[in-house]
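These are my notebook entries on a structure I had not looked at before.

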Amino acid sequence: MQTPAIGTLVGRTAQTDRIAGLLDELAAGKGGSVLVEGGQGMGKSALLSWAAARAAARGCRLIRMAATEIGQRFPLRSVREALDRGSLSLPAAPGAQAATAGAERSPLLIVEQIIGAIGGAAAQGPVAVLLDDVHWADDATLLLWHRLTRTTARLPVLLIASVRTGAADGVRHALTDRGATVLVLPPLTTEDVAALVAAESGAEPARELSERLDAAEGNPLYVREMLDALWRSGGIFVARERARLTDEARGDGARPPLRAVAHRFGALRPDTVEVLRRAALLGTEFTATDLAAVTGRSVFALLGAVEDAITAGVLVDTGELLRFGHALFRATLYDGTPEAERTTLHREAARALYAADAALERVAEQLMLTGGELDDWVVDWLAVHGERLGYRSADVCVELLRRAIDQVPSDDSRCPGLEDRLAAVAYMLRRPESHRILRGLLARTTDAERRSRCAAWLVGGMFWEGTWDEALAVLDEEERRVGDRHSAWGQRFQALRALALQGAGRHELTAEAAARVFVLPDRVRDPGAEAYARHATGQLLQRRRRTEEAVAEWDRGIEIGRELARTAPGEHQYLDVLTSMLIYRALALGTLDRLDEAVGTLREAREIALAEGAEAQLGNIAISSAVLNFWTGDWDEALSDLDTLDVVSGVAWLPVLLHGISALVHGYRGNGEEARAHGAHLRDLPDPEGIQRAHSSYRIMAGALAAERADRPREALAVLLPTLSPEYARELDQRYQWLPDVVRLALQTGDGGTARAATAVAVAEADGGAHRGRTASALRCRGLVERDARLTATAAEHYRQAGRTFQTGQALEDTAAVLASLGDAKEARRRLGEAVECYRRARAEWAVTRAHARLKALGVRPAVVRGGAAGQQRTGWGALTPAELKVALLVARGRSNPQIAGELYLSPRTVQTHVSHILGKLGVRSRAEVAREAAGYLNSS
């Protein structure tokens, strides 16, 4: 007789019933998230396997991954392996041929594509995604899981993850905070253990066997291992319908559970055990090809040993991978090998995997488990593949490169290449340790060209951190060394100086530094220097509120950057400045209410950053996208953008923006707990310095909103009042956004002087109508002070045409308030209804409550509407927003999500969101049904 398979489930009826119920809901179109929690050996993976089999039997698209201890330092390791095996496939990024290389490089690209792919699959039918051992997951995998959790509210996607009790409490709390159902696996009861014995032997256990198995303390794995050891030794027999211990087994005494695990290997041939010892070097799961490499045998020659291990239950063949039947089996073999021998075996395994052309991270993870000097072949390998490895795991790459550089003599021909690889990866990493690495390389580099490039990367990293004075000090030193200002590097350092001066707020010197580049004849002007100088000038013009001129300057710089990207591919600093100019241009276009252009510009920046694997820039792009989405009222998208920042290195200004926007969204939506949490973070953060102080705008608005929500309007006004000072607001280029709130709060608290002063500031900032957004703000202020509803209504129409849904609601609310104060209750009520409809599109329920209270105080009660605002259709084609209607008609024409994204200049995630809303509003479950509904809609139209 043999023991049941490791995955046999006993005593888990409550858990399987719950998962079966969630699968029923999934089939009906409802998503969900489950976290299976239990100690080692409690059957977490077995329950996931049961769920996978049931999901597949019900026709669900199934995606299964497993995080591993050995792969923790490699972002999205389990996801990449699923991609390599072909069990998970992704569409190409729309319109981004340049990003195909980035699919290998950037974890965030893979996160974006997986979310899009799963969203697309869910539009066709239910999807189940399973992740074993989430406690070993890296940050990027956790980000993916958190982002997928958001999709379960609107798509038929069921997420099931397993976590070891006590291994990662932070991960557990994060998942439960996002609404995951927790299924705890308790120890088996005595009755459960008896059922397990009966399933294996056909007989209930006798008392002496039950008492022997009590040593397992209800752990299913230990129970099975003890049973298996007894069967193998002939210690169990069946008599009188009971499974009993032999006299010899009784005399042996109880074998501890862990010794029983080790006993499993005693029944295997020595050759099989040696193969398994080598397999343990690779982690809990591996391919047959990798096992062949580390054993030095062919796959065919391994068949006997692998079949023996599978028969014994030590290995499981999943069809794609070989996997240890339990992590404890691998740990027993691995920990049983002396440490010195393990180090040698890892060194040999790395060489074998390298020779077999295995994936870079497979080689690197073996090298990370070796000590001492690196072998000579490793130095050669890093000199060739170091930068590429950096895209897979920058931390690992930096550590290996530093080890190699420390042991290679400075006159070794490989040393410059190693140093250049380390400098490039440190620059891409954009962390505080990057400065130390680049400073160290700068000090030891004697070659003039390589030193200048390293200095430029160091200065660029300082820009990201906002350490402008340090950057200027480095530039001082490098300009003295170069000497000739007209040389290529002399010009570039001058242009970088212009950027540093602008960042530090020394605006009067910025133009002077940039001019030293512009005055040079075309034949000697360095294009890279000109790109930097155009960027600095664009920032200076934007700061002076000359936004149209700033956009024109960035346009010139962007053309130069594109040409540099074409003629000097792989030069990170040029791609970096190109991406930065695109981001600045997008935000400037947003302030000009040229939002479609802004989205298209940001998409180009994203594609470049993804192709380069530039995760620091991707964080900048994500926060910029959140800003644009906040302006347009697409607040779900804004929060989704902010979610991506979980794995992006933070800098001084980024958390201020992140928590500021989040606090505003949650505050207006009435999510008090979330708003307070983000507000608490804001109070602990220092103000950014220099031009990055502009990011404090959202902190200021969030502080005023928090006070107003607490029914303290005077305090809210006090938060905003200092910004009327020209000196205080010098870098706050978003001040015009809240000036109407200053006027509203001042009038509410009887401070007419402040209302008039704020209006004067708004009119001055409007600059005679050159900036439409500032003009609309001035119209709102004037309309409130002068009690002229035509002015506020004109502002509302501007916002409506610009696509700023929430601000349209604010201007309509102001219009209603002015009309009510003039005694036109009927028109005030109509305008209030329009305002409420705008607010509800953003789910800004607190704003609805405030608007109602404001108008009620003026004697206007809202019209009684069941199910929403007046005239607002909840289902059917009439419920679709204009953007959703465009997407629906393209879906009906057979376009895929990536094709729609490219055609409408949207992100794939935005398209996915629109498609899910369309399915819900039309009451259909597939894209084919959308097409059928569209035919009827178009015919009736």
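Entry on helix H6. I looked up helix H6, residues 139–151, in what is a predicted model. At 1.5 Å a residue its 13 residues should span 18 Å, and I found its end C-alpha atoms 19 Å apart, which agrees. I then asked how many of the 13 residues of H6 are buried. The count is eleven, so I noted H6 as mostly covered, buried here being under 20% relative accessible area.

Entry on helix pairs. I kept in mind that two packed helices are described by the angle between their axes and the distance between the axes.

For H37 (residues 739–748) and H38 (residues 752–766), I noted a packing angle of about 165° and axes 8 Å apart. An angle over 145 degrees counts as roughly antiparallel, and that makes H37 roughly antiparallel to H38. The crossing of these two helices is left-handed. On the H37 side the contact is made by Leu 739, Val 742, Val 743, Ala 746 and Leu 747, and on the H38 side by Thr 754, Ala 755, Ala 758, Thr 759, Val 761 and Ala 762. Sorted by kind, the residues of this contact are nine nonpolar, two polar and no charged.

For H41 (residues 805–821) and H42 (residues 825–841), I found an angle of about 160° with the axes 8 Å apart, and H41 and H42 are therefore roughly antiparallel to each other. Their crossing is left-handed. Among the residues making the contact are Phe 806, Leu 812 and Glu 813 of H41, and Arg 831, Leu 832 and Tyr 839 of H42. The contact divides into ten nonpolar, five polar and five charged residues.

For H21 (residues 415–429) and H29 (residues 572–591), the axes come within 11 Å and cross at roughly 15°. Are H21 and H29 roughly parallel or roughly antiparallel to each other? Angles under 35 degrees count as roughly parallel, and H21 and H29 are therefore roughly parallel. H21 passes H29 in a left-handed crossing. Here Ala 424, Tyr 427 and Met 428 in H21 meet His 572, Gln 573 and Asp 576 in H29, a contact of three nonpolar, two polar and one charged residues.

Entry on Arg 585. I stayed with helix H29, where Arg 585 has its place, and found Arg 585 buried, with a relative accessible area of 14%. Arg 585 lies 16 residues from Thr 601 in sequence, and the two are 7.3 Å apart in space, C-alpha to C-alpha. Leaving out residues up to four places away in sequence, Arg 585 touches Val 551, Trp 554, Asp 555, Ile 558, Glu 597 and Thr 601.

Entry on Glu 37. Finally I looked up Glu 37, which is in strand S1, residues 32–38. Is Glu 37 buried or exposed? At 8% relative accessibility, Glu 37 counts as buried. Apart from its neighbours within four places in sequence, Glu 37 is in contact with residues including Lys 44, Val 163, Thr 165 and Arg 172, and also with Val 182, Leu 183, Val 184 and Leu 185.

Key:
Residues numbered from 1 in each chain as written. Predicted model: local features only at pLDDT ≥ 70, side-chain atom pairs only at ≥ 80, totals over all residues. Heavy atoms only, no water. Axes fitted to C-alpha atoms, helices over the stretch in contact; angles between N-to-C directions. Helix = DSSP H or I, 4+ residues; strand = E, 2+ residues; numbered from the N terminus. Parallel < 35°, antiparallel > 145°, perpendicular 65-115°, else oblique. Left-handed = near helix turned anticlockwise from the far one by under 90°. Contact = heavy atoms within 4.5 Å. Nonpolar A, V, L, I, M, F, W, Y, C, P; charged D, E, K, R; others polar. Buried < 20%, exposed > 50% of the residue type's maximum accessible area, 1.4 Å probe, protein only. Expected span 1.5 Å × (residues − 1).
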